[in-house]
Amino acid sequence: MHHDRLNEIYLDNNATTPVLEDAVKAAQDAMQTVYGNPSSTHVTGLRARYILDSTRDLAKEVVGAGRGNIIFLSGATEGIQTAIFSALIEIKRKISQQGNENYRYLLYGATEHKAVPNSLKHWNDILEIGAELVSIPVDNDGKLDYDFIEKHLSKTAMICTMAVNNETGVAQDLGALETLIRTHNASVPWMVDCVQALGKFELELAKTTIDYAPFSGHKIYAPKGIGMLYTREGAPLTPFIAGGGQESGLRSGTENLPGVAAFGAILKHINETECQLFKSHEVLAGFRNKIVETLKLAFPGIVFNMPFETSVPTTINFSVKDFPSKEILDLFDAAQIRVSSGSACSSGVTRSYVLDEMGLPAWQSESAIRMSFGPAVTEQEIDDACERILLASQALTQSCLMLNNLGVDIDSPRQEGLIQLKSGSACTWIYADSQSESMVVIDPVEELGERIEKFVHCQGYRVKAIVDTHSHADHESCRPMLQKLLQSQLSYDLKDYDELGWPMVSTQNVTLSDGQSVSAIQLSNNLVLAKLETPGHTSDSQSLLLGQSVDSQLKAEDVRFAFVGDTILIGGLGRTNFVSSSTSKMYDSLQTLCSVIGQSTLMCPSHDYNNEFATTVYAEEAGNALLHEVKSHLVEKSHFVKQKESLDKRLNDQVGHEILCGVVGKQCDSEGIHVMPEELQHFLKSHPQIRVLDVREAHEFHLFNDWDSLNLERAPENVPLSRLANFIGNNICSGDSEKQELLFVCRSGSRSAKVAETFRRLGFENARHISGGVALNCVACD
Ligand code: PLP
């Protein structure tokens, strides 16, 4: 762990570590004082050679290499490559003599670092070995399946396993594995990836039959670009890089002496018997315990994704129910705690292949967070981390997103206006009206059920309606569950609502701009939510219009938000090829809808496939010729039906796990929206009136708002993504959208770019964002 001037708490040591002071010093000496080439025979060269040789001896001692060999190379990926390449060249030779019967499989653990299976595949193809790559399953605890290994061993060309997993910290029992392997195959080459084991427990490699063991400097406080490979005495080794014959001809290229020297400084620490710097297993386990207990208090819905007994104490992998990894990562990043999430990204959701292979539930994989500290961590750093974790949890509680176990009363500010919650592309909309202390919930998505319930309870408003815009084909509505859970806060009886949740009592009628009279719920004074039938996408599709009624009239220009379900999507129209769809009814619905809402009414669909938040008829017409033609009566119904049918044919039923509810096109135009880090200060000076808006969630904003470090004179306003539609709704009606100068900022520049694009699409021609976000624009951190 490491504190810098920004006071960050670095808990991502399995990704890479900071370089320890004496390793920096050793590298610096090797660059400035002992800068010779170890191959030179003069005194300067001999001194450099001494560093190389003595570090190799030390490395051998640390890993217990015995009569085996250590070569220095660029890192573990090169070590893995060299080992696999060497073993497979030897296998190729054997196959040419004996045939391939005994060399059918290349076995590797299912949770290996990707460098392993990818190298196996690469060299298997290039060397034309023709073996089958077989991944060894693991159980829920990440332990390799011994029966599976046993079944394959006699016909295995090479087996690759890992000592400690980088995502979970799970350690394999190498002794038991060795017995298994050698009982069934005395000669199969065995590589053990020891990257995450070095410095965490003792290795006595020569006492084992492990043939190859790669290591990496940057995972244990040495710099990037230095690693080493242990090879057992007699294990085949073919130079992977040929050239000037360095490393006894086994790895050519002038040695990275600064790297070797720095690695040497770390190896010294590991080798100290009374090691002060690197803590013992017991001490580290105590540290882990402290963090785990704090996490449990901070996040009641937490589960840990690895067994504590068989994992190294420096890695904690956990998931918090209802919080995808990205949200916790953003939260921690704002609290200046650096952690990491799962690696792969499928349909916009980050997930962990390691946890998937362990058979953990999908939500745990999608919510996985890894915290990893190094063995040189101090107690003070652990205590600071715990303090920050509690702060982060309080911020979430304040946002009404979670209730922690801390037993402190936290005041949550009352929310006013529109709130957008998302799960994948599916949107739930909540409108909170502080005047009448009531709210409506529209299209509650099942995955968001608990979050919605917590939010409503925490805000303490009466719920006037929980309603769906249609029966959804792609996801479940959690309306029935919410209606039960929120019963005490519902302003109507559970019996009195229709199939989509519209209350059948306490409603009134309002007249829309086209003259039709529809049912409406009153929030405060004249604020109403009116229900307009808009069949087409499904036969039961309806749109909900929120606005100020005057004398029971809800005029088009007074409709602020239109919850249009899947009738109009951002950049497209909802599909009409379901059994209950009707394309011709959609034609009528579109015309009706466009005539009862205004040019600046914000349309809030139930899907947002491209992170575009909300839209207007005006913006849609610009990008959707068909909608424009329908609205302006330029296309006849029969013609519309034909065109729409051919559009829907292009729709792939399923993309990833999602059923698409309509054809949408991306309309983003990002030209001119970026304010680059090097131009920010000048830009701010030349735009003194600009409104700077931070689009991170409120809890992130409250945790990190050190605007001095960005040289911003005033603190930005906070407009979280979940409140963006509300902000647009409030600002678009002022009619001068194109003049408003807006500058968005977030953590990395990715959310703010999306927001700026949305604003541009909606006619805010002077919307921009700070490229690189808070992360790259912090002038105080240079
Ligand atoms: N193996 C494991 C277990 C790792 O954690 C890593 C780094 O992420 C590697 C291999 C690759 O190491 P390097 O970055 O030195 O190539």
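This is a predicted model: local features need pLDDT of at least 70, side-chain atom pairs count only at pLDDT 80 or more; totals for chains, interfaces and linings use all residues.

Me: Which cysteines form the disulfide?

Reply: The disulfide joins Cys400 and Cys458, whose sulfur atoms are 1.9 Å apart.

Me: Where do Cys400 and Cys458 lie?

Reply: Cys400 is in the loop between helix 12 (379-398) and strand 16 (417-423), while Cys458 belongs to helix 13 (residues 449-459), so the bond ties together parts that are 58 residues apart in sequence.

Me: And why is the disulfide left-handed?

Reply: The torsion about the S-S bond of Cys400 and Cys458 is about -65°, so the disulfide is left-handed.

Me: Is Cys400 buried or exposed?

Reply: Cys400 counts as buried, because its relative accessibility is 1%. Cys458 is partly exposed, with a relative accessible area of 27%.

Me: Changing topic, how many residues surround the ligand?

Reply: The ligand is surrounded by 13 residues, and the closest are Thr77, Asp193, Ser216, His218 and Lys219. By type, the shell divides into 4 nonpolar, 7 polar and 2 charged residues.

Me: Which helix gives the largest share of the shell?

Reply: Helix 3 (residues 76-98) does, with 3 residues.

Me: What lies 2.6 Å from an oxygen atom of the ligand?

Reply: That is a polar side-chain atom of Ser216. For Lys219, a side-chain N or O atom is 2.5 Å from a ligand oxygen. The protein covers 86% of the 390 Å² of accessible area that the ligand has on its own.

Key:
Residues are numbered from 1 along each chain as its sequence is written. Side-chain values use heavy atoms; hydrogens and water are left out. A residue is near a molecule or strand if one of its heavy atoms lies within 4 Å of it. A polar contact is a pair of N or O atoms within 3.5 Å; within protein, one must be able to donate a hydrogen and the other to accept it, and residues adjacent in sequence count only if both atoms are side-chain atoms. Accessible areas come from the Shrake-Rupley method with a 1.4 Å probe; for residues, only the protein chains shown count as cover. Helices (H or I, at least four residues) and strands (E, at least two) are DSSP runs, numbered from the N terminus. Ala, Val, Leu, Ile, Met, Phe, Trp, Tyr, Cys and Pro count as nonpolar, Asp, Glu, Lys and Arg as charged, and the others, Gly among them, as polar. A disulfide is a pair of cysteine sulfur atoms within 2.5 Å. Buried means under 20% relative accessible area, exposed over 50%, partly exposed in between (1.4 Å probe, protein chains only).
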